[in-house]
Amino acid sequence: MQGHQDGNVSYNDFFLIGFSGLKEHRWLLFFPFFLLFLLSLVANSLLIFVIKTQTSLHSPMCVLIGATSVVNLFLIMSFMPRMLLSFLLNWNAISLLGCLVQMFFINFIGTFQTSIILLMAIDRYFAICVPLRYNDYLNTANCVKFVFVSLIRNGSFLVVIAFLDGNLSYCKSNIIDHCFCEHMALVGLACGNTVINSIVGLLIISFITVVDGLCVIISYVKIFISVFLRGSGKSSRKAIHTCTTHIIVLLLNYFCALLALLSYRVGNNLSPNIRVLISILYLLFPSCVHPIIYGFKTKDIREHLLRLLQTIKIS
């Protein structure tokens, strides 16, 4: 702990006690969350393995799907191991620096996920609406530039949140009623005026996700207009099917994000345990469902996955 001129004490060490209402039964949560963690690990790893080993799946779209699974793995590894150990062994302590670093990486990886979905939408736009110029726009160099700009944009904004939160005085308590470090959960323990932190945090996260989301919507609106003007046909049906898969994933992401955001805006009307559960599922549930949606809805990937599973079963 660190003293300040106003006489308050600022905590530098915290305890992550999510689902504190369960008390001595909290350890039982290890089992359902471990199964979800295992599902995400296996499903995403399997999808990455199939895409990497099958040369026929090395198309830009399949590579982006594989990149989504890589991001999913990084995301769950940024908070799930610590959370599971907290449930099982009561390893709840975390330093302020560790909390800020964890918060940064969770947000950084999560926002990069929306950037990949945007790149998928751009890929489909050029493949369907401007196929003759596809290789001019969606080449390796341009994709690398897009990824680089997204990483710099997201990282720069999120460093601002971490910096602002790191300069607060945390004198209310050092007990974070959460299973991982989240911006609003941490700011809620600070003394003094935290309006700037709350507004900046909300604006930055909203700006990144809303801008990417609007660009995705514009891309798919143009795609559907182009497909309908072209008329029905095998290529049109395939285009609609591919876009539908991405839209399902996009809606799932934004639905979970909206629930997590609203959970902190309804105040005391929501149980702390429910709020924590929503925040965890916001990060964990999409990473479990993404590979299943892509695996079943993408024909080429589905066929290779079924062959792989049959091979494993036979052996």
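The largest pocket of this predicted model is lined by 34 residues, with Ile205, Ala257, Ala260, Leu261 and Tyr282 nearest its centre. A pocket here is an open set of points on a 1 Å grid over the protein atoms alone, where a 1.4 Å probe fits, with protein on both sides within 12 Å along at least five of seven lines; lining residues have an atom within 4 Å of a point. The lining comprises 19 nonpolar, 13 polar and two charged residues (nonpolar: Ala, Val, Leu, Ile, Met, Phe, Trp, Tyr, Cys and Pro; charged: Asp, Glu, Lys and Arg; polar: the others, Gly among them).

Two loop residues deserve a friendly look. Phe19, in the loop between β3 (13-16) and α1 (30-53), has a positive phi of about 60° although it is not a glycine. Helices (H or I, at least four residues) and strands (E, at least two) are DSSP runs, numbered from the N terminus. With 6% relative accessibility, Phe19 counts as buried, whereas Asn90 is exposed at 54% relative accessible area (buried is under 20%, exposed over 50%, partly exposed in between, with a 1.4 Å probe and protein chains only). Asn90 sits in the loop between α3 (80-89) and β4 (93-95), and its phi, near 60°, is also positive.

Helix α8 contains Ile225, which counts as partly exposed at 47% relative accessibility.

Residues are numbered from 1 along each chain as its sequence is written, and side-chain values use heavy atoms, without hydrogens and water. Local features need pLDDT of at least 70 and side-chain atom pairs count only at pLDDT 80 or more, while totals for chains, interfaces and linings use all residues.
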